[in-house]
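Hello,

Here is the structure I promised to pass on to you. Have a look at it first, and then read my notes below.

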Amino acid sequence: MKIDFIISSIYGGGAERVLAIIANTLAKKKSYEVSIITLNKGNDKYDIDKSINRVRLEHGTIPNHTVRGFVNLCKYYFRKKNRPDLIISFLTLNNFLAIIVAKLYSIKIIAEEHNSHLRFINNRKATSNFTKKYLYKRADLLTVLTSYDLSYYENFGVNVYVMPNPCSFVPIKTNTHSREKIILAVGNLNRYHHKGFDNLIELIAPILKKNSDWKLKIAGSGDKGLPILKELIEQFGIDSQVIFTGFVSNISDIMHKSSIYILPSRYEGLPMVLLEAMSQGMACIAYDCITGPADIITDHVNGFLIEDQNKEAMQRKLQILIDDDSLRNRFATQSLKSLDKYHINSIIKRYENIFDRLLLKK
């Protein structure tokens, strides 16, 4: 079976990491011939299996990314030998292009959304709306990360299915090692508003000042967001207690050593990084934003789930986690027990069931 994955680039990001994990896992099976197609420039940040056919359709002089991607994809699939049995496309704007091209060439397509339907890319609301309301029902299947989005898409006649992100790390077997007094947050710094890093710095400033032996570590790249966030930490006087790591390919190593994972996002899809933190035995605390954290954290059982953007509640519960070693250990133990349904093998079985159903349909 020949499968093409389509995305803008593999230059960091949660959806890109999910694509790499799924593509790599399928490529290791003899029954699949896997290609990854990117439409925009960018160096690959995630390892890609050597057996995967890596196709870059970023060439051309057309300045508009969307138009250039559409033209390049049409030209690529014009040659019958390049056409797969199935396309799996990631993220709204790529889905916009891929669905149209797939229908032109009668190729089966799964479109994947990795954010709530409420979220729109800046200056692309019209395109996103059109894709969600009119194009997704033309796809053979749309996958979403949580049940929150099901009814929205069903109202537009979309064949929609909940497909959680896989946890990319093997859960630790023992959690008795000592950890550094690090509160960790992970995400693209250029998306600091989306990820809530601006609010995080404000809310955590008094916590760090009160607990001088603790530090905040923010892992992620983003040349535009970094100076803005650095200015904020200077403004709140916590320069010596905040560490920016830049992009980290071995984030599991940092998670294994850190104590608390904090997710301050204003909105999410299904936050894969929260699953990864749990897999490494971290105690997790997150805002109950739309959507995702509530699908992963059961409040007071395997973490703290805080009323969305309630800064005072986040501060109170974060201080409790800092003070209570046994509570952190209990949350970590329960988190490790709750990860089975996110294991990559479970997710791949769900994909393979979908493949069988779609390819049997005429």
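**A loop residue to start with**

Thr-291 sits in the loop that links strand E12 (283-287) to helix H11 (293-296). Please keep in mind that this is a predicted model. Although it belongs to a loop, Thr-291 counts as buried, with a relative accessibility of 4%. Setting aside neighbours within four places in sequence, Thr-291 is in contact with Ser-116, Thr-146, Tyr-148, Glu-268, Gly-269 and Pro-271.

**Cysteines**

How many disulfides does the count come to? The count is 0. A disulfide needs two cysteine sulfur atoms within 2.5 Å, and the sulfur of Cys-284 is too far for a bond because the closest cysteine sulfur, in Cys-167, is 11 Å away. Cys-289 is in no disulfide either, as its nearest cysteine sulfur, that of Cys-284, lies 13 Å away.

**The nonpolar cores**

The largest nonpolar core has 34 residues, and Ile-183, Ile-204, Ile-285 and Leu-318 touch the most other members. Helix H7 gives this core its largest share, 8 residues. Another core, of 32 residues, lies apart from that one and has Ile-52, Leu-86, Ile-110 and Leu-141 among its members.

Not counting residues up to four places away in sequence, Ile-285 touches Ile-260, Tyr-261, Ile-262, Leu-263, Phe-304, Ile-306, Met-314, Lys-317, Leu-318 and Leu-321.

**Helix H12**

Some of those contacts lead on to helix H12, residues 311-323. H12 has 13 residues and spans 18 Å from its first C-alpha to its last, close to the 18 Å expected at 1.5 Å a residue. Which residues of H12 are buried? They are Ala-313, Met-314, Gln-315, Leu-318, Gln-319, Leu-321 and Ile-322. The cover over these buried residues includes strand E8 (182-186), helix H7 (197-210), strand E11 (260-263), E12, strand E13 (304-306) and helix H13 (325-337).

**A parallel strand pair**

Finally, strands E9 (residues 215-219) and E10 (residues 242-246) run parallel and are joined by 4 bridges. Within this pair, Lys-217 stands opposite Ile-243 in E10. Together with helix H8 (residues 225-235), E9 and E10 make a right-handed β-α-β unit.

Enjoy exploring it, and do write back with any questions.

Best wishes

Technical notes. Residues numbered from 1 in each chain as written. Predicted model: local features only at pLDDT ≥ 70, side-chain atom pairs only at ≥ 80, totals over all residues. Heavy atoms only, no water. Pairing = 2+ DSSP bridges. Helix = DSSP H or I, 4+ residues; strand = E, 2+ residues; numbered from the N terminus. Right-handed = clockwise from strand over helix to strand, strands pointing away. Buried < 20%, exposed > 50% of the residue type's maximum accessible area, 1.4 Å probe, protein only. Contact = heavy atoms within 4.5 Å. Expected span 1.5 Å × (residues − 1). Core = buried A, V, L, I, M, F, W, Y, C linked by side-chain atoms within 4.5 Å.
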